[in-house]
Every structure is written in C-alpha cells, then in structure tokens.
Amino acid sequence: MPLPDTMFCAQQIHIPPELPDILKQFTKAAIRTQPADVLQWSAGYFSALSRGDPLPVKDRIEMPVATQKTDTGLTQGLLKVLHKQCSHKEYVELADLEQKWKNLCLPGEKFRAVLELDPCKNKIEWIKFLALGCSMLGGSLTTAMKHLCEILTSDPEGGAACIPFETFSYVYRYLSGLDSDIPASDTETYLASLKENVDSKKNGMIGLSDFFVLQRKI
C-alpha cells in the first residue's frame, strides 16, 4: 500500500525570507521583458541572478511586442539588454554571446545571420556586434546609427540621445565599410561635416538632431 501523504502544519514549513521579494522581482521582470519562451528566459534569468551578472531584463515593455511567429524577435530593447550584459568586455566569446541570445528567446538563425555580415571566429568586438544588430533592425545606415545612439546614451528616454562622437564615427566607418556602395571618401566627408558641428557646439558629443531627420508622411 502507498504511504499516506505527510501532513505539515504551518509551524513546520520554513519559507526563506528573501523568497517573496525574489519572486516579486522575477514577475516584474517577466512582464517587462515579455519573453517568447518563459522557461528558456527564466533559466537565463536565475542563472544570471545566481552569478551576480546583469539580468536579461528590458528597461520597459516594448509595444508592440515582437514574436517569432510574426517577426525575427530582435528589437532595440533586446539589443539594449545584451549591451548591459556584454559591454563590460571589449571582446565577447561567441559561445557565451549565443547563449545570452538564446536566453532572450531569439532564434538561432538570426544570430548566425548577424555574424554572416562580418564573419569571425570564436570572439567578436562587442561594439561591432551591437552595430551589426542595429543594422539588422531594418532601414538605412542612418537608422542603424539612431538605434545605436538610443542604446548607448545615458540621456533620459526621449532626450537628445547623445554619445561620444568618437564612438559614433568608429561605428559609422565600420558599418559603411561593409557596404560596397558607399565610397570611403563619402564616409570621411560626411563625418568631417558632422565633426565640425560637434566640435563647435556639442563638446565632443553627437545626438540624434545632429544627423537624423524623421521623415513625416504627408
């Protein structure tokens, strides 16, 4: 005969005092991030939490939320999460980066597609991977730079999104160099014109208003 279930009274059950807050923060993080695969994301969340690493959590909910059924899933918010997790290193191991990518429930073929833009072995300079990710969000080179500024800036959301011109020019040269239709001379002329304005007004910082013009529908 099976043994009867053991009965416990409330006094016998010990609940770790930190557990309620851990679960509360986890729930808030899941709501903000809206992972496509909750179990996969949860594994990455608690793994990072146990190591004291930056968590795979968005700063806010992105609307509409991309899903693998309707989109590749890659968003500016998810790239920003990866930046928080990886930017402390100049170079990141591809194996570690791919695991973080999977923990955000992003499809593996999308990761490989990003790397195909500039093939490398074993590791990649983080700022270059971030730049490639921004370019994969769609649109022009200018749009990719807009995404980059909004990810890297320390300005409040909706602000000027300023970043150091040195960083901007490094990434712009890198991305334009991958496009055979953009002559290097055009790149240098464009950056020189931006630098003149930045040096005179921005103290070495460049913001969206210096290069990005939103096209309005008529």
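Helix H6 is largely enclosed by the rest of the structure, because 8 of its 11 residues are buried. Buried means under 20% relative accessible area, exposed means over 50%, and partly exposed lies in between (1.4 Å probe, protein chains only). Helices are DSSP runs of H or I with at least four residues, strands are runs of E with at least two, and both are numbered from the N terminus. The buried residues of H6 are Trp126, Ile127, Phe129, Leu130, Ala131, Leu132, Gly133 and Cys134. After H6 comes glycine 138, with a positive phi near 105°.

This is a predicted model, in which local features need pLDDT of at least 70, side-chain atom pairs count only at pLDDT 80 or more, and totals for chains, interfaces and linings use all residues. Residues are numbered from 1 along each chain as its sequence is written, and side-chain values use heavy atoms, with hydrogens and water left out. The pLDDT is the predictor's confidence in each residue, from 0 to 100. Its mean over the chain is 89, and 88% of the residues reach 70 or more. Residues 65-70 stay under 50. The model has 9 contacts for them beyond four places in sequence. Contact means heavy atoms within 4.5 Å. Where pLDDT is low, the predicted coordinates should not be read in detail.

Now take the whole chain. It has 9 helices and 4 strands. From the N terminus, the order is α-α-α-β-α-α-β-α-α-β-α-α-β. Of its 218 residues, 37% count as buried. Among contacts between residues at least 6 apart in sequence, 58% join residues at least 24 apart.

Which residues have the most contacts inside the largest nonpolar core? They are Trp41, Leu97, Phe129, Met145, Phe168, Leu175 and Phe211, in a core of 51 residues. H6 (residues 126-136) gives the largest share of this core, 7 residues. A nonpolar core is a set of buried Ala, Val, Leu, Ile, Met, Phe, Trp, Tyr and Cys residues joined through side-chain atoms within 4.5 Å. In soluble globular proteins, nonpolar side chains tend to be buried together. Look at phenylalanine 129. Leaving aside neighbours within four places in sequence, phenylalanine 129 is in contact with Leu97, Trp101, Phe111, Val114, Leu115 and Ile124.

Next, the loop between H2 (38-51) and H3 (76-86). Valine 57 lies in this loop. Is valine 57 buried or exposed? Valine 57 is buried, because its relative accessible area is 5%. Not counting residues up to four places away in sequence, valine 57 touches Ala29, Arg32, Thr33, Trp41, Tyr45, Val81 and Lys84. The C-alpha atoms of valine 57 and glutamine 85 are separated by 9.9 Å, with the two residues 28 apart along the chain.

Threonine 75 sits in the loop between H2 and H3 too. It counts as buried because its relative accessibility is 13%. The side chain of threonine 75 reaches the backbone nitrogen of leucine 78 at 3.1 Å.

Last, the cysteines. The structure holds 0 disulfides. A disulfide is a pair of cysteine sulfur atoms within 2.5 Å. For cysteine 149, the nearest cysteine sulfur is that of cysteine 162, 8.1 Å away. Cysteine 149 is buried, with a relative accessible area of 0%. Cysteine 120 counts as partly exposed, because its relative accessibility is 31%.

Note on methods:
Polar contact = N/O pair within 3.5 Å; in protein donor to acceptor, adjacent residues only side chain to side chain.
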